[in-house]
Amino acid sequence: MRTFPLRIGTPDGLLFEGEAERVICRSITGDLAVLAGHCNFCTALGMGEAHVVMPDGTRRSAACIGGMLSMMNGTCRLLATTWEWKEDIDEARAQAAKKRAEEMLAKGGLSDKEYKIAEAKLQRALVRLNVK
Ligand code: ATP
């Protein structure tokens, strides 16, 4: 399979730079797969599990929480709000975040803003816990 240059970064720094065979992630309009030869393209990312298939066929999974992905002249740049490789996800922390968010939502009496924050926290925790 053909490969293409991929850079993955977050506001904290560069997390990956190298060749990839495929990137699969969740955009705001649905799941997206980028392969070599993809036309120039730019999209906002949603929250979800992401995968990078390496040139040797191995697959790395990650939790991707928002950001932007572009494919320009054959190079893919993925700038995520947060990106955690599966092996870096702290499961206990995600469980604790899930519990806190569920408790807030169950308590009720939240303002619209508080409700949206708790919901987003719960969704982030679920994405982290579901990365396979
Ligand atoms: P928490 O309440 O545990 O901070 P959160 O969803 O509010 O969870 P974020 O604001 O999305 O956390 O992330 C803050 C920083 O912490 C980011 O750099 C993110 O990558 C990291 N992070 C958050 N949760 C985890 C986790 N379970 N495992 C590894 N890194 C995490």
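**Ligand site, charge pairs and overall fold**

Of the 13 residues around the ligand, those that come nearest are Glu84, Asp90, Arg100, Lys121 and Arg124; a residue is near a molecule or strand here if one of its heavy atoms lies within 4 Å of it. The model is a predicted one, so to speak of local features a pLDDT of at least 70 is needed, side-chain atom pairs count only at pLDDT 80 or more, and totals for chains, interfaces and linings use all residues. Residues are numbered from 1 along each chain as its sequence is written, and side-chain values use heavy atoms, with hydrogens and water left out.

For Lys121, an N or O atom of the side chain sits 2.6 Å from a ligand oxygen. For Arg100 the corresponding distance is 2.8 Å, and a polar side-chain atom of Arg93 lies 2.9 Å from an oxygen atom of the ligand. Taken alone, the ligand exposes 590 Å², and the protein buries 72% of that (accessible areas come from the Shrake-Rupley method with a 1.4 Å probe; for residues, only the protein chains shown count as cover).

Back to Glu84, one of the residues that come nearest to the ligand. Glu84 is part of strand β7; helices (H or I, at least four residues) and strands (E, at least two) are DSSP runs, numbered from the N terminus. With a relative accessible area of 18%, Glu84 is buried, where buried means under 20% relative accessible area, exposed over 50%, and partly exposed in between (1.4 Å probe, protein chains only). The side chain of Glu84 makes a polar contact of 2.7 Å with that of Arg128. A polar contact is a pair of N or O atoms within 3.5 Å; within protein, one must be able to donate a hydrogen and the other to accept it, and residues adjacent in sequence count only if both atoms are side-chain atoms. Neighbours within four places in sequence aside, Glu84 is in contact (heavy atoms within 4.5 Å) with Ser61, Ala62, Ala63, Ile89 and Arg128.

Ala94 is buried, at a relative accessible area of 3%, and its contacts beyond four places in sequence are Ala125, Arg128 and Leu129. From Ala94 to Gly108 there are 14 residues in sequence and 22 Å in space, C-alpha to C-alpha.

Side chains of opposite charge can pair when their charged atoms come close. Six salt bridges are found in the structure, a salt bridge being a side-chain nitrogen of Lys or Arg within 4 Å of a carboxyl oxygen of Asp or Glu. One of them joins Arg7 and Glu17, at 3.6 Å from N to O. Arg7 belongs to strand β1 (residues 4-10) and Glu17 to strand β2, so this pair ties together parts that are ten residues apart in sequence. Arg7 is partly exposed at 39% relative accessibility, while Glu17 is exposed at 53%.

Another salt bridge pairs Arg26 with Asp31, with the closest N and O atoms 2.6 Å apart. Here Arg26 is partly exposed (36%) and Asp31 exposed (59%). Glu87 and Arg60 also meet in a salt bridge, 2.6 Å from N to O. That pair links distant parts of the chain, 27 residues apart: Glu87 is in the loop between β7 (75-85) and α1 (91-107), and Arg60 is in strand β6 (residues 59-72). Glu87 is exposed, at 53%, and Arg60 partly exposed, at 28%.

What about Glu21: which side chain of opposite charge is nearest, and how far away? Arg22 is the nearest, at 4.9 Å, and buried Glu21 has no salt bridge; for charge, Lys and Arg count as positive and Asp and Glu as negative, with His and the chain ends not counted. Glu21 sits in the loop between β2 (13-20) and β3 (22-27).

As for the whole protein chain, two helices and seven strands follow one another as β-β-β-β-β-β-β-α-α. The C-alpha atoms fill a box of roughly 55 × 25 × 25 Å along the principal axes. Of the 132 residues, 37% count as buried. The accessible surface comes to about 7600 Å², with 52% belonging to carbon and sulfur atoms. Among contacts between residues at least 6 apart in sequence, 51% join residues at least 24 apart.
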